[in-house]
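Good morning, colleagues. Please bring up the sequence and the model, and I shall take you through two parts of it.

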Amino acid sequence: MSVNEYLNLFLEEAREHLQILNDELLKLEQNPADKGAVDEIFRAAHTLKGMSATMGYEKIAELTHKMENILDELRESKIVFSENLSELLFKCVDALETMVENVATENSEKFNISGILNDLKNFNQKDIGITQNHEMGVNNKLELNDYDHNLIKVAQERNFNIYEIKVEIAPECVMKSVRAFMVFNSLEKLGEVVKSVPPVQDIEDEKFEKDFIVVLITDKTQNEIAKVLNQISEVEVKEIGSLGLINGSTPQETNSVQEISSFSKTEDAKKGINNKISQTVRVDISKLDKLMNLVGELVINKTRLEQIFRTNDLSALNETAEQIDRISADLQTVVMDVRMVPIEQVFNRFPRMVRDLAKELGKEINLIMEGKETELDRTVIDEIADPLVHLIRNSIDHGIESLEERRKKGKPAQGTLRLSAKQEGNSIIILVEDDGQGINLEKVKSKALEKGIITTNQLEQMDENSIVDLIFSPGFSTASQITDISGRGVGLDVVRSKIQSLKGNVAVESKEGQGSKFTIKLPLTLAIIQALMVKVGPEIYAIPLANINETTSINLNDIKKVQDQEVMVLRNHVLPLVRLAKVLEVPNMDNYESEELFVVVVRKNNKFIGLIVNELIGQQEIVISSLGKFLNGVPGIAGAAILGDGTVSLILDIGTLF
Amino acid sequence: MAYKVLVVDDAGFMRMMIKDILSKNGYQVVGEAENGQKAVKKYQELKPDIVTMDITMPELDGIGAVKEIKKIDPNARILMCSAMGQQAMVIDAIQAGAKDFIVKPFKPERVLEAVTKALA
């Protein structure tokens, strides 16, 4: 049987179980008395063991098996949860993670687990391995003592049959003791088992090679016995012989049977608290992408239909057009909804990461996570993890101060890191806040000058926000010391460019001494967006609504100039203006001179800029199509959209336009 | 008519595997459940001829589920799917009325043999 077809499912579930392991270990660390957490950990390790063994990943199976042994002792309170143990278990989980990821990338678990296995072994001296080496080759021979003779004699007197049954268990059987138990169990229904070789206790402990002998007193025939026993899997009846017998006295009740029932001594208290398992279907993400594309096509054609209806004034078409509009809107919501996954997926890994970092740096950090249930498009989720990791590392490494420093400043020793997500209209806002030292403006200034990111002249004109914003510039890193955790030369500029590539933006607010707050704003989905269609000269452009703050009109005379920069006064604020026609180099603009112009106020990071356009056409839903390989990454252009009349319009990317 | 099977395991991966083995060999997998509680419910709904039952599961484990199902239908045929090292629990399950057991990782032949024997 090929296991490859199960690989994806295996990986997915393995990752889930690893997540559970991590989460519950953290819980256990907080509260070592949490029995529920131990059970959960045990269950996750156990399921992982079964899965990986089936897939033939023996190392994963072995490691989880050994983990299980320790966990079992923990569960039965034979050992206590100590820091050492928690470190060890975390190490195991890390090793498992590495192996599972190795399986994902190269289809082999490839990892040296001998070190960890040794650690586990040292922890658990009386390790009960998978293979138990018993003395082999002991020949079983039935020897009857006086007591047995008595018993048999009485049975004979009462016309019962007495059989000596030799049972052999298949060599590949993994749980010989259980098979033996089943044999005993069946035989008891037929009569009374008076003796066995080796003794019941040894059979129970699997201290026999492959066969054992049972003496049964019964009123059934040999055939009947053989039939019953052969129904048990992996068991073969070698011989059934009558025991004819000798002398004796009175019979007594034997109770080897009760001994066997004492086999079972393990409790089965594993009532998981997991109530939120709902019925789900796992679908390949590419199928969803395809579905989304199809919906996109539908939306395009819907807009075309609307346009035809409007230009031709076909009232008969009206109703249908409206109906299609409604249906396609619903369809779009559903498809988008299907693609949505809770951000929990990304957040989940952070408690562990924060714990490890805090430990490494000797800081105490309380991580607060809010809005884990907030949903984001699957593609965005996949991409957002790295930037978030970067920001969190930054906060812990550079933001939150050391214990002493915090004490000196009169802050609580424990730093707080708050990670929250929420939906706002068509966007998702993710906040990373800390109560650390904030961003040192002077440091930023001198660094920016030193690195030649800005000139002294430029610096003089900048307000605080713009200065803080400099930390996102390429080649900027304030950490005076490069640590292992952050500041590996990859700066926040990477974070910004990543988020911009997701059509989002990131901004920072900082209060020196009180902490900093990074705000990430992302669109709900990447495929279909609301946009404002504008006319620049003869050309039509789409500006994503997410970037737009407001629109206003302006008379040519109201445009002022400050230091060669066109500006306007909007509600007592000076708003810098940009002529889109100039930036986009639209030809033949002379024909479109007019007194009245429109201004689209867009937000770029923390700044507002007014874009001058000739005409506002209206708000419309557009499907983003990529420009293809050749035109990919043209600054200022996010893609193209097909309009209702079939023409193509470019979508402006405000983040990179100027 | 093909025998109806209910497959119970908390790992979807395991369920898929067992399902494949059985359906390729003429059995009809009529239902799946990922925990003991659902298994009991499904058993009542579907009245399968045989159930394959994992032991370690959330909500209600396999042994608990065997007990519940046996209460409903004393003739229920249940095949335990255990992992190595669960001897004690397998015995509990058999005492509770399970017909047979298989040990993960299992070979298709073993699964089929056990199912056939349990149905005999």
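In this predicted model, A:Tyr541 stands opposite A:Leu650, a residue of strand 22 of chain A. The strands concerned are strand 13, residues 539-544, and strand 22, residues 648-652, both of chain A; they run parallel and are joined by 2 bridges.

These two strands belong to an open sheet of 5 strands in chain A, whose order is 20-12-13-22-21 and whose pairing is mixed. Which strands form the edges? They are strand 20 (615-623) and strand 21 (637-642) of chain A, each of which pairs on one side only. On average, and with direction ignored, neighbouring strands of this sheet are turned by 35° against each other.

A helix also packs on the sheet: helix 11 of chain A, residues 285-312, touches strand 12 (528-536), strand 20 and strand 21 of chain A. The direction of helix 11 makes about 145° with that of strand 20 of chain A.

Let us now turn to chain B. Packed helices are described by the angle and the distance between their axes. In chain B, the axes of helix 2 (residues 36-46) and helix 3 (residues 62-72) come within 8 Å and cross at roughly 25°. The two helices of chain B are therefore roughly parallel to each other, and their crossing is right-handed.

Which residues meet there? From helix 2 of chain B come B:Gly36, B:Ala39, B:Val40, B:Tyr43 and B:Gln44, and from helix 3 of chain B come B:Gly62, B:Gly64, B:Ala65, B:Glu68, B:Ile69 and B:Ile72. The residues of this contact comprise 6 nonpolar, 4 polar and 1 charged. Thank you for your attention.

Notes:
Residues numbered from 1 in each chain as written. Chains lettered and ligands numbered in written order. Predicted model: local features only at pLDDT ≥ 70, side-chain atom pairs only at ≥ 80, totals over all residues. Axes fitted to C-alpha atoms, helices over the stretch in contact; angles between N-to-C directions. Helix = DSSP H or I, 4+ residues; strand = E, 2+ residues; numbered from the N terminus. Parallel < 35°, antiparallel > 145°, perpendicular 65-115°, else oblique. Left-handed = near helix turned anticlockwise from the far one by under 90°. Contact = placed C-beta atoms within 7 Å. Nonpolar A, V, L, I, M, F, W, Y, C, P; charged D, E, K, R; others polar. Pairing = 2+ DSSP bridges.
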